[in-house]
Amino acid sequence: MAKIFSVHPDNPQTRRIEEIKSALSNGAIMLYPTDTVYAIGCDLNAKSAVERVRQIKQLANDKPLTFLCPSLSDVATYAFVSDTAYRMMKRLIPGTYTFLLPATKLVPRLVQNPKRKTTGIRVPDHPVCLALLTSLANPIISTSAHLPPNDESLELDLEPRLSQVELFDRWDRLVDLIIDTGEEPTYEVSTILDLTGDKPMMTRRGLGWEAAAALV
């Protein structure tokens, strides 16, 4: 059974964050809230944990995994960011956007698209996520806990909407940690922007897509 950590959604308790960070550093997998949907996550550099996430979500190895970074400067560490991409990202982050970018060598192969050498990165606007990222000092994997493996499609999945209790119960035996901020699950996904080419492309409309569309 997963260990549940009660964390304040706006002012995360430092001691709790440090406990979670310690577990993630040792390869734990967690269920946690983001500024979009609840997600399954782990330390980007914990190979065994990333492999478990793939197994749990039944994701093929050629399916890239999105991860969270705390700031735009951190994104530039893990991806090649063109001037055009930088200007767009600077106007949209932090927020509900996933950016597809060419990966640097710091991105584990297990996380990126093996053919395109690309990766998906988000800078979330959620106090708990940012506190964890700051404490861990590594990016955190973020794959939806609500949608099936084809959640990158343009159509939203019609999976039944679960309450927080139902969601926690579903994942209780699959993850090591559950972060409880008292927030009910939401089912609005991020907007995906492909910044790997000369011209930005929106490949999925999610939260905040109107603001992104004005920049594409």
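Predicted model: local features only at pLDDT ≥ 70, side-chain atom pairs only at ≥ 80, totals over all residues.
## The five-stranded sheet

Five strands form an open sheet. Their order is β1-β9-β2-β3-β8, and the pairing is mixed. The edges belong to β1 (3-6) and β8 (143-144). Each has a single partner strand, so one side of each lacks a neighbour in the sheet.

For β8, pairing with β3 (residues 39-41) is antiparallel and spans 2 bridges. Within β8, S144 is the bridge partner of A39. Helix α6 (residues 164-171) packs on the sheet. The helix touches β2 (30-32), β3 and β9 (177-180). The directions of α6 and β9 make an angle of about 170 degrees.

## V111, a buried loop residue

V111 sits in the loop between β5 (97-102) and β6 (118-122). Its relative accessibility is 0%, so V111 counts as buried.

Beyond its neighbours within four places in sequence, V111 contacts L44, V50, R54, P64, L65, F67, T119 and I141. The C-alpha atom of V111 also lies 9.7 Å from that of N45. Those two residues are 66 residues apart along the chain.

## Salt bridges

The structure holds 4 salt bridges. One of them joins E18 and K21, at 3.9 Å from N to O. Both residues belong to helix α1 (residues 14-25). They are 3 residues apart and therefore separated by about one helical turn. E18 is partly exposed at 37% relative accessibility. K21 is partly exposed too, at 26%.

D35 and R122 form another, with their closest N and O atoms 2.5 Å apart. D35 lies in the loop between β2 and β3, and R122 in strand β6, so the pair ties together parts 87 residues apart in sequence. D35 is buried, with a relative accessible area of 16%. R122 is buried as well, at 3%.

R116 and D194 also meet through their side chains, at 3.6 Å from N to O. R116 counts as partly exposed, at 45% relative accessibility. D194 is buried, with a relative accessible area of 11%.

V111 is buried at 0% relative accessibility, whereas R116 is partly exposed at 45%. V111 has L44 and F67 among its contacts. R116 has D194 as a salt-bridge partner.

Key:
Residues numbered from 1 in each chain as written. Heavy atoms only, no water. Pairing = 2+ DSSP bridges. Helix = DSSP H or I, 4+ residues; strand = E, 2+ residues; numbered from the N terminus. Contact = heavy atoms within 4.5 Å. Axes fitted to C-alpha atoms, helices over the stretch in contact; angles between N-to-C directions. Buried < 20%, exposed > 50% of the residue type's maximum accessible area, 1.4 Å probe, protein only.
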